[in-house]
Amino acid sequence: TALVVAIDGPSGTGKSTISRRIAAEFGLAYLDTGAMYRAAAWWCVREGIDLADTAAVAAQVRELPLQIGTDPREPSFAVGGEDVSVVIRSTEISTMVSAVATNLDVRAQLQDRQRAAIAAEQRPDGFSGGRGIVAEGRDITTVVAPDAQVRILLLADEAARLARRAKELHGTADSAALEATRDQVVRRDAEDSTVSNFTTAADGVLTVDTSTMTLEESVDTVRGIVTR
Ligand code: CDP
């Protein structure tokens, strides 16, 4: 039977990088569910929807023509044929994605699409040839794929998460970079945690604290959990 690996955690824990590495190593598909919320936010903004109008946002997302590329070596997202993989990572989208992701109607819709993408990888005609998938986000271990054979919560203390994200976005973790990153990490996680629990492990979910680990050590730890 196809393997499903569910990985959750706040930003800056190494979640995306680790998930991609594990998926590539095991020949699995890779689903970045955060990118789906980002694509939904990008599309609503482009269509001029007021993000505070929850009904309008939900109706717009219902029509979202999202194409999901699950190759872990080159994950990609397109909306109506337009590749949005890069534009959805902008600071503008990072700043407003939580407004869309805390919309419960939107969550139900995207969770359904995520379950469909995971189910597609159980079939031989899926990207992985039916081998399975690594899906990562904030609510995969608890809501989207609670039956996954492997469920991991990645955690790291705030200072470590801030420093990693600052380096990623600004190439340095000096105090200016840390301040510029704070909103994206701390406020966004606080907002996100009003609708998902990704700070404590649910029953049966293994916690990996990456605060003092290098990326290689984190990948080694997760690999060890997947293969045991
Ligand atoms: O990389 P990082 O963890 O910072 O963010 P991301 O994975 O790109 O997710 C972007 C946003 O999508 C998060 O801040 C949440 O608002 C939302 N999200 C969510 O609500 N549920 C998920 N399963 C994944 C992401």
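Which residue in β8 is the bridge partner of L155? I looked it up, and L155 is bridged to D209.

**Ground rules.** I'm working with a predicted model, where local features need pLDDT of at least 70, side-chain atom pairs count only at pLDDT 80 or more, and totals for chains, interfaces and linings use all residues. Residues are numbered from 1 along each chain as its sequence is written, and side-chain values use heavy atoms, with hydrogens and water left out.

**The sheet.** I noted that helices (H or I, at least four residues) and strands (E, at least two) are DSSP runs, numbered from the N terminus. Two strands pair if DSSP finds at least two bridges between them. I found an open sheet of 5 strands, ordered β2-β6-β1-β7-β8, with parallel pairing. β2 (29-32) and β8 (206-209) are at the edges with a single partner strand each, so one side of each has no neighbour in the sheet. I counted 4 bridges between β7 (residues 150-155) and β8.

**Helices.** I checked α2 (residues 33-46) next, and this helix packs on the sheet, touching β2 and β6 (132-137). Contact means heavy atoms within 4.5 Å. α9 (residues 215-227) lies across β1 (3-8), β7 and β8.

**Cores.** A nonpolar core is a set of buried Ala, Val, Leu, Ile, Met, Phe, Trp, Tyr and Cys residues joined through side-chain atoms within 4.5 Å. Buried means under 20% relative accessible area (1.4 Å probe, protein chains only). The largest core has 38 residues, and V57, V79 and I118 touch the most other members. I saw that α2 gives the most to this core, with 9 residues. A second, separate core of 16 residues includes V134 and I225.

Notes
Axes fitted to C-alpha atoms, helices over the stretch in contact; angles between N-to-C directions. Buried < 20%, exposed > 50% of the residue type's maximum accessible area, 1.4 Å probe, protein only.
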